[in-house]
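Trainee: Could you take me through one part of this model in close detail? I would like to know what it pairs with, what surrounds it and how it sits in the whole.

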Amino acid sequence: MGKSFIMLFARDLKIAWGEDSRYWRWIHVEDKSTSMLVDAAELIRVCFLEVRAKFDTRILSPGIKYEVAFVMMVKDNAEGWEHPVKLGFVSPNGKQEEREENFTKIKPINEWIEIPVGEFIASSEIKNQVGEMEIYLHGSEGLYWKTGIVIKGVIIRSKN
């Protein structure tokens with residue numbers, strides 16, 4: 001209890017074809033919050049992008065507002081992002097929050113940035129209000145080959 005932020009690193013995420021070296025490459029990057037090297041997933045190329053994470057909200061402080069964001073980099077060689085991707089989460093009670101992001105408009109490039117997913121207030125032990133939350137990022141419209149992003153993970157951080 002009482003955590004101000006949680007980082008789910010790329011190896012904690014379910015990345016479609018993430019272990020297939022034709023589509024993704026695992027690289028070591030420094031995480032400044034921990035001063036450690038962590039694995040990040042660098043996209044080589046995919047048509048269908050799907051990244052998911054599951055997170056138990058019971059470790060968060062009840063009554064606190066949290067924000068969720070993907071920590072990633074859009075590289076200067078990024079291609080295939082003509083259609084926006086969808087980012088969202090499904091809370092333990094089944095409520096879904098979703099938004100779209102156009103990766104062609106993200107600045108700065110070649111730097112770690114946070115792509116917002118949404119916000120929620122952690123609940124106390126009320127039935128159906130605590131438990132597992134699913135966080136996702138997906139893009140498949142047009143089935144264009146996509147390349148040029150690196151995913152470090154997902155951050156869940158208090159806003160209060």
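**Strand 11 and its surroundings**

Mentor: Strand 4 and strand 11 pair over two bridges, in the antiparallel sense. Pairing here requires at least two bridges found by DSSP between two strands. Strands are DSSP runs of E with at least two residues, helices are runs of H or I with at least four, and both are numbered from the N terminus. In this pairing, alanine 41 faces isoleucine 151 of strand 11.

Before going on, note what you are looking at. This is a predicted model, where local features need pLDDT of at least 70, side-chain atom pairs count only at pLDDT 80 or more, and totals for chains, interfaces and linings use all residues. Residues are numbered from 1 along each chain as its sequence is written, and side-chain values use heavy atoms, with hydrogens and water left out.

Now the other partners of strand 11. Strand 6 pairs with strand 11 over 10 bridges, again antiparallel. There, glutamate 67 has arginine 157 as its bridge partner. Strand 1 also runs antiparallel to strand 11, and five bridges join them. Look for arginine 157 again: phenylalanine 5 stands opposite it.

How enclosed is strand 11? Of its 12 residues, 10 are buried, so strand 11 is largely enclosed by the rest of the structure. Buried means under 20% relative accessible area, exposed means over 50%, and partly exposed is in between (1.4 Å probe, protein chains only).

Next, what packs around it. The largest nonpolar core has 38 residues. Such a core is a set of buried Ala, Val, Leu, Ile, Met, Phe, Trp, Tyr and Cys residues joined through side-chain atoms within 4.5 Å. Trp24, Leu49, Phe70, Ile135, Leu137, Ile149 and Ile156 touch the most other members. Strand 11 (147-158) gives two or more residues to this core, and so do strands including strand 1 (5-9), strand 4 (36-43) and strand 10 (132-139). Strand 6 supplies the largest share, five residues. A second, separate core has 10 residues, among them Phe9, Val38, Val150 and Ile155.

Take leucine 137 as an example. Its contacts include Leu49, Phe70, Phe103 and Ile151, leaving aside neighbours within four places in sequence. Contact means heavy atoms within 4.5 Å.

Follow strand 4 to its other neighbour. Strand 3 (residues 24-31) pairs antiparallel with strand 4 over eight bridges. Aspartate 31, in strand 3, has methionine 36 of strand 4 as its bridge partner. Four residues lie between the two strands of this hairpin, and serine 35 takes a positive phi near 55°. Aspartate 31 has 5% relative accessibility, so it counts as buried. Aspartate 31 touches Phe9, Met36, Val38 and Lys152, not counting residues up to four places away in sequence.

Now the aromatic rings. A search of the whole structure finds five aromatic pairs. One of them joins tryptophan 81 and phenylalanine 103, 4.9 Å centre to centre with 50° between the planes, and is tilted. Rings of Phe, Tyr and Trp (its six-membered ring) pair if their centres lie within 6.5 Å; planes under 30 degrees apart count as stacked, over 60 as edge-to-face and the rest as tilted. Tryptophan 81 is in the loop between strand 6 (65-79) and strand 7 (85-90), and phenylalanine 103 in the loop between strand 8 (96-101) and strand 9 (113-121), so the pair ties together parts 22 residues apart in sequence. Tryptophan 81 and phenylalanine 103 are both buried. Phenylalanine 89 and phenylalanine 120 have ring centres 5.8 Å apart and planes at 65°, so they form an edge-to-face pair.

Finally, step back to the whole. The protein has 11 strands and zero helices. Its radius of gyration is 16 Å, close to the 15 Å that the globule rule gives for 160 residues, so the protein is as compact as a globular protein of that length. That radius is taken over C-alpha atoms, and the rule is 2.2 Å times the number of residues to the power 0.38. The C-alpha trace spans about 45 × 35 × 30 Å along its principal axes. Of the 160 residues, 43% count as buried. Among contacts with a separation of 6 or more, 77% join residues 24 or more positions apart.
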